Amino acid sequence: GDPVIDGVNVYAANQTGRLVAIDRRSGTLLWTAQDGSYTPVWSIGSAVFMVTDRFAVKRLNSSDGSEVWSQQLPGFKQRKDRRKRATYAYFGPVVAGGQVWVAGSDGLLRSYDPINGMLTGTVDIPGGAASQPAIAGGRLYILSASGRIHAYE
C-alpha cells in the first residue's frame, strides 16, 4: 500500500505480511505488525485502520501496532477461475461520518464501528468497487467496475 504520513509517523505496508511504523525525522523503526496490505492505511488519533492482504479489516494501536479488533471479509469467489481461485478486491479503509468504510469488488460498501469493529451496515455498489473511496463535500465516492462513479451520503 502507499505510505501514509501522520505527524511524525510514516506507515507503510507491503503485500507479503508486514506493516511498519517509522519515525520520519530519524528513520527509526517504531513497530512492525504481521499484516500486509494492498491499500493505504488510515491513521486517526491512536488508531490505524487497515484492510489486510488476508481479507480482514483491522484496527491497530498506533503506539505499538497491537491489534485492537479484527473482522474477516469474504476472500474467495464461489466460482473457480481456471488458473487459480479468484478473490475479491477491497479498497479502503476510510473513516467518515464516525464509521470505518471498506468498499469491495463483491458489490458491497461495508461500515464498521471504529471502537469495537462491529459491522454496522452494508450498501450496494452496482458493479462492485474498482478503486479507493474518496471523500469530498460530505460524500463518499467510489468508481465501480462498470465505469460509473457512485456517490454516498
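The model is predicted, so local features need pLDDT of at least 70 and side-chain atom pairs count only at pLDDT 80 or more, while totals for chains, interfaces and linings use all residues. Residues are numbered from 1 along each chain as its sequence is written, and side-chain values use heavy atoms, with hydrogens and water left out.

Let's start with the sheet. Four strands form an open, antiparallel sheet in the order 9-10-11-12; strands here are DSSP E runs of at least two residues, numbered from the N terminus, and two of them pair if DSSP finds at least two bridges between them. At the edges sit strand 9 (90-96) and strand 12 (119-124), each pairing on one side only. Strand 11, residues 108-112, is joined to strand 12 by five bridges, and Tyr112 stands opposite Leu119.

Now, is Gln99 buried or exposed? Gln99 counts as buried because its relative accessibility is 17%, and buried means under 20% relative accessible area with a 1.4 Å probe, protein chains only. Gln99 belongs to strand 10, and its side chain makes a polar contact of 2.4 Å with that of Thr120 (N or O atoms within 3.5 Å, one able to donate a hydrogen and the other to accept it; residues adjacent in sequence count only if both atoms are side-chain atoms).

Finally, the cores: sets of buried Ala, Val, Leu, Ile, Met, Phe, Trp, Tyr and Cys joined through side-chain atoms within 4.5 Å. The largest has twelve residues, including Trp69, Tyr90 and Tyr112. Strand 6 (47-51), strand 9 and strand 10 each give two or more residues to this core, and strand 6 gives the most, three. A second, separate core has eleven residues, among them Val4 and Leu60.

Technical notes: Buried means under 20% relative accessible area, exposed over 50%, partly exposed in between (1.4 Å probe, protein chains only).
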